[in-house]
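Here is a short tour for anyone who likes to work from coordinates. Please keep the viewer open while reading.

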Amino acid sequence: MTTDGDGPAGGVVQADPRARVLTVPNAISVARLAGVPLFLWLVLGPQADWWAIAVLIAAGISDWLDGKLARAWNQQSQLGEVLDPAADRLYIAATLAALAIRGIIPWWLVALLLSRELVVGVALLVLRRHSYGTLHVSLVGKTATLCLLYAFPLLFIGAHHGPVATVARVAGWAFAIWGTGLYWWAAVLYLVQTRQIVTAAGRESAVSQHNADGQQGTALARPRPPRHDGG
């Protein structure tokens with residue numbers, strides 16, 4: 001917002017609140033990111049499974065909490081829109097790798113989810129080629145991520161013995177199947193949006209080129225005034 005004057009020289013310009021970096025939701029997202037290497041070390045190093053499960057549960061709670069606080073305290077930011085999905089994807093990738101190496105989940109599930117990331121990555125490259133940023137995370141994609149974040153701790157618990165482990169294994173695979181399906185559904189929606197954006201951009205470019213050609217042709221066809229050279 002500016003005071004009297006035609007620009008920044010005549011008043012004070014209010015900073016864009018979405019450009020903020022130091023916010024509580026961003027701090028939570030950074031802390032969640034820091035938990036990724038801790039989780040990998042716990043699973044593949046000392047194999048402290050229950051501590052690793054606690055890290056996953058904390059990550060799932062913080063994923064819900066940072067979004068809740070960002071909306072409640074009006075602290076949405078551009079950095080947060082990058083950090084939040086990045087943390088989610090890193091946790092999914094790290095958990096997939098760790099559980100597959102430990103033999104808790106099959107490698108085909110890893111391939112299915114990683115191939116989805118590859119498809120979305122290609123779409124992202126296409127958007128950047130047309131000077132567009134990333135699309136907002138859809139409700140389907142967010143639900144899929146939450147399902148997968150719930151599935152992995154349950155599958156981790158299900159790898160042990162006892163009636164609790166059996167129930168956790170069944171619930172974990174239910175979340176994993178639903179989460180994987182929704183994850184691919186979100187990818188399809190992402191591809192549809194990418195196609196619509198690229199198509200619209202192509203039409204705008206064609207219209208602009210047509211208008212430019214039309215203006216150039218009109219200029220060439222416009223009759224020139226007679227010359228008076230005394231002849």
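Contact here means heavy atoms within 4.5 Å. With that cut-off in hand, R89, L96, A100 and I101 in α3 meet W107, V110, L113, R116, E117 and V120 in α4. Sorted by class, this contact of α3 with α4 has seven nonpolar, no polar and three charged residues. Please bear in mind throughout that the model is predicted.

**The chain as a whole**

The chain holds six helices and zero strands, and from the N terminus on its elements run α-α-α-α-α-α. Of its 231 residues, 35% count as buried. Among the contacts in the chain with a separation of 6 or more, 76% come from residues 24 or more positions apart.

**How α3 and α4 pack**

Two packed helices are described by the angle between their axes and the distance between the axes. For helix α3 (residues 78–101) and helix α4 (residues 107–129), the axes come within 10 Å and cross at roughly 155°. Angles over 145 degrees count as roughly antiparallel, so α3 is roughly antiparallel to α4. The crossing of these two helices is left-handed.

Is L99 buried or exposed? L99 has a relative accessible area of 0%, so this leucine is buried. Which residues is L99 in contact with, leaving aside its neighbours within four places in sequence? They are I104, I105, F152 and F156. L44 is worth a look as well: the C-alpha atoms of L99 and L44 are separated by 9.1 Å, while the two residues are 55 apart along the chain.

**Two aromatic pairs**

The structure holds two aromatic pairs. In one of them, the ring centres of W108 and W173 are 6.4 Å apart and the planes are at 25°, so the pair is stacked. This pair links distant parts of the chain, with W108 in helix α4 and W173 in helix α6 (residues 163–221), 65 residues apart. W108 counts as exposed at 54% relative accessibility, whereas W173 counts as partly exposed at 25%.

Y150 and F175 form a pair with ring centres 5.8 Å apart and planes at 70°, so this pair is edge-to-face. Because Y150 lies in helix α5 (residues 139–158) and F175 in helix α6, the pair ties together parts that are 25 residues apart in sequence. Y150 is partly exposed, with a relative accessible area of 41%, and F175 is partly exposed too, at 32%.

| Pair | Distance between ring centres | Angle between planes | Type |
|---|---|---|---|
| W108 and W173 | 6.4 Å | 25° | stacked |
| Y150 and F175 | 5.8 Å | 70° | edge-to-face |

**A backbone detail to check**

One last stop is a matter of backbone torsions. Where is Q47 found? Q47 sits in the loop between α1 (24–44) and α2 (49–72). Its phi is positive, at about 55°, although Q47 is not a glycine. With 44% relative accessibility, Q47 counts as partly exposed.

Definitions and conventions:
Residues numbered from 1 in each chain as written. Predicted model: local features only at pLDDT ≥ 70, side-chain atom pairs only at ≥ 80, totals over all residues. Heavy atoms only, no water. Axes fitted to C-alpha atoms, helices over the stretch in contact; angles between N-to-C directions. Helix = DSSP H or I, 4+ residues; strand = E, 2+ residues; numbered from the N terminus. Parallel < 35°, antiparallel > 145°, perpendicular 65-115°, else oblique. Left-handed = near helix turned anticlockwise from the far one by under 90°. Nonpolar A, V, L, I, M, F, W, Y, C, P; charged D, E, K, R; others polar. Phe/Tyr/Trp six-rings, centres within 6.5 Å; stacked < 30°, edge-to-face > 60°. Buried < 20%, exposed > 50% of the residue type's maximum accessible area, 1.4 Å probe, protein only.
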